[in-house]
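The report below takes up the pockets of one model and then a helix.

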Amino acid sequence: MHIDHIAFWTPDLERFSAFYCAYFGAQAGEIYANPAKGFRSCFLRFPGGARIEAMQTSSLTPAALEPGAQRMGLTHLAITVGGQEQVDALTQRLRGDGYAVLDGPRRTGDGYYESVVLDPDGNRIEITAG
């Protein structure tokens, strides 16, 4: 048994997909559209097989959260990028490209080496060393 994918609502499917492709090596599949339901989606596949379903709607009004908000339920996505050097380099690249870095890079109390950044929609992403 394994988790097949997680899904995110996004107001901008192309921007969301481009972020994960450019910074985390995801490969975007074809966009699926159902105009009758006001729905579009795209699966992003990561090396190793994990997937995100990026979804956009024109018929629903998903609740918007404050960028980086801590909330009950899903609160962050952790992506392992290799060693400490890769965490440092990717964090610096994201910072240089204008993305919010909330914490780190640092060693956590439970032994992880990580940084925390926000994706274009304000979702918390932990960048971790493997």
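## The second largest pocket

In this predicted model, the second largest pocket is lined by 14 residues, of which Phe46, Ala50, Arg51, Leu77 and Ala78 lie nearest its centre. A pocket here is an open set of points on a 1 Å grid over the protein atoms alone, where a 1.4 Å probe fits, with protein on both sides within 12 Å along at least five of seven lines, and lining residues have an atom within 4 Å of a point. The elements that give two or more residues to this lining are β5 and β6 (77–82), and β6 supplies the largest share, four residues. Strands are DSSP runs of E with at least two residues, and helices are runs of H or I with at least four.

About 340 Å³ of space lies in the second largest pocket.

## The largest pocket

The largest pocket holds about 650 Å³ of space and is lined by 25 residues, of which Trp9, Ala63, Leu65, Asp121 and Asn123 lie nearest its centre. Two or more lining residues come from each of β1 (6–9), β5 (51–57) and β9 (124–129).

## Helix α1

In α1, Leu13, Phe16, Ser17, Phe19, Tyr20, Tyr23 and Phe24 are buried, that is, under 20% relative accessible area with a 1.4 Å probe and protein chains only. Seen down the axis of α1, these buried residues fall within an arc of 160 degrees, so they line one face of the helix; the arc is that of the directions from the helix axis to the C-beta atoms. Just after α1, glycine 25 takes a positive phi of about 75 degrees.

## Basis of the values

Residues are numbered from 1 along each chain as its sequence is written, and side-chain values use heavy atoms, with hydrogens and water left out. Because the model is predicted, local features need pLDDT of at least 70 and side-chain atom pairs count only at pLDDT 80 or more, whereas totals for chains, interfaces and linings use all residues.

Notes. Buried < 20%, exposed > 50% of the residue type's maximum accessible area, 1.4 Å probe, protein only. Points joined across faces, edges and corners; volume = space filled by probe spheres on them.
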